[in-house]
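Please prepare a short briefing on the model shown below, covering its strands and helices, its domains and its ligand surroundings.

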Amino acid sequence: MRVLGIETSCDETGVAIYDSERGLMSHVLYSQVKMHAEFGGVVPELASRDHIRKLLPLIKEAFAKAGLKLGEVDGVAYTAGPGLVGALMVGAATARSLAFGWGVPALGVHHMEGHLLAPMLEEVPPPYPFVTLLVSGGHTMLVDVQSPGCYSILGETLDDAAGEAFDKTAKMMGLPYPGGPMLSKIACKGEVGRFKFPRPMVDRPGLDFSFSGLKTAVRLVIADHAENEVVPEQDMADIACGFQEAVVDTLAIKCRRALQQTGHKNLVIAGGVSANSRLRERLADIVKKERCQLFYPRAEFCTDNGAMIAYAGWLRMRVGQQSGYELNIKPRWPLNTLDPIQE
Ligand code: ATP
Ligand code: MG
Ligand code: FE
């Protein structure tokens, strides 16, 4: 079976083709980041309009790169949610129409299942069961993955997501949107331990997270070190480093707890923040101590992409799952309500 995957949930237009025999045949991506940077965040209406402009050319490109004629697929998968309503509508309407025209089924895929399954595209995929830390711009959760499609949420953020905390803190530091990756770069030049920020919620049992207080703590320190509203470069690096250590440490403590609680021997990280090298480093330490294995996607598949949607769609479509003709987008869609994927 060969599936075309379409991702348009936020500010990336991603298209890919996944095939049972040949694996990932092609994947192309267009990021709207530059357009939204001017506004300091994603502007939903602009996002939808740009998906409309870019999606069809990208689909043509994905077929060409795979060496296929347009329409040589057995199904079309699209991100049905969670995400921005207008942006999701563009992907869903396009996917649904193409599938109808080509006479093949279509399937709405859960965006976070896409992120969660992205490490399956690597040479050494994680064996089931495993614990996944999903850390992206809109979500932070620990998931017990018993088998394909069976997800129990062990804990999640009560307020900001980890990526959101990175981006909001970066904005306070005057970095351009999205500041997460740049903040992390600056943090490398900082001195570990000069600024010690709180590790929210680690002193109580459970696997939930909260990052909004941390942001406030950073804000106060920035105000304290600003000279004529400018924070000296080294202070900035030290603050960034302190912030990153606090987030990474909090995530690592909860991952360790989740491994102990479930008894699973495999830890997976996925979503934009899983590209963070300090997080990968800290989790490598943890899994060593717990005698477990760590898995993550290649950097380009940590953030939004079409490949993860093509793969998740293929996994479900090859066992006969499909969506109806209605545009069933779900801007809010709990991950633990998905159908299991049975052979
Ligand atoms: P969601 O998947 O929850 O709907 P999203 O699709 O916007 O949200 P992703 O594309 O998975 O999120 O990830 C983007 C986020 O990852 C941004 O918040 C970005 O700052 C963060 N991010 C990317 N690289 C890094 C990094 N190296 N360090 C920290 N954060 C990072
Ligand atoms: Mg994005
Ligand atoms: Fe995402």
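In this predicted model, R2 stands opposite D19 in strand β2, where a strand is a DSSP run of E of at least two residues and a helix a DSSP run of H or I of at least four, both numbered from the N terminus. Because the model is predicted, local features need pLDDT of at least 70 and side-chain atom pairs count only at pLDDT 80 or more, while totals for chains, interfaces and linings use all residues. Residues are numbered from 1 along each chain as its sequence is written, and chains are lettered from A and ligands numbered from 1 in the order in which they are written.

**Sheet and packed helices**

- Strands β1 (residues 2-7) and β2 (residues 12-19) run antiparallel and are joined by six bridges; two strands pair if DSSP finds at least two bridges between them.
- Helix α3 (residues 85-102) packs on the sheet, where it touches β1, β4 (75-81) and β5, and its direction makes about 160° with that of β4; axes are lines fitted to C-alpha atoms, for helices over the stretch in contact, and angles run from 0 to 180 degrees between N-to-C directions.
- Helix α10 (residues 307-317) also packs on the sheet, touching β1, β2, β3, β4 and β5, with its direction at about 135° to that of β1.
- The sheet is open, has five strands in the order β3-β2-β1-β4-β5, and shows mixed pairing.
- Its edge strands, each of which pairs on one side only, are β3 (23-31) and β5 (106-110).
- On average, and with direction ignored, neighbouring strands of this sheet are turned by 20° against each other.

**Domains**

- The chain is divided into domain 1 (2-117 + 301-337) and domain 2 (127-296), with bounds that come from an automatic or database domain assignment.
- Between the C-alpha centres of domain 1 and domain 2 the distance is 27 Å.
- In domain 1, 13 residues are in contact with 19 residues of domain 2, contact being defined by C-beta atoms, placed from the backbone, that lie within 7 Å.
- On the side of domain 1 that touches domain 2, α1 (33-37) and α4 (111-117) are the elements that give two or more residues.
- That side of domain 1 comprises seven nonpolar, six polar and no charged residues, with Ala, Val, Leu, Ile, Met, Phe, Trp, Tyr, Cys and Pro counted as nonpolar, Asp, Glu, Lys and Arg as charged, and the others, Gly among them, as polar.

**Ligand 1**

- Ligand 1 is surrounded by 23 residues, the closest being G137, G138, G163, G180 and G272; a residue is near a molecule if its C-beta atom, placed from the backbone, lies within 6 Å of it.
- At least two residues of this shell come from each of α4, α5 (162-172) and α6 (180-187).
- The shell around ligand 1 holds six nonpolar, 15 polar and two charged residues.
- Domain 1 and domain 2 each supply at least three residues of the shell.

How values were computed. Contact = placed C-beta atoms within 7 Å.
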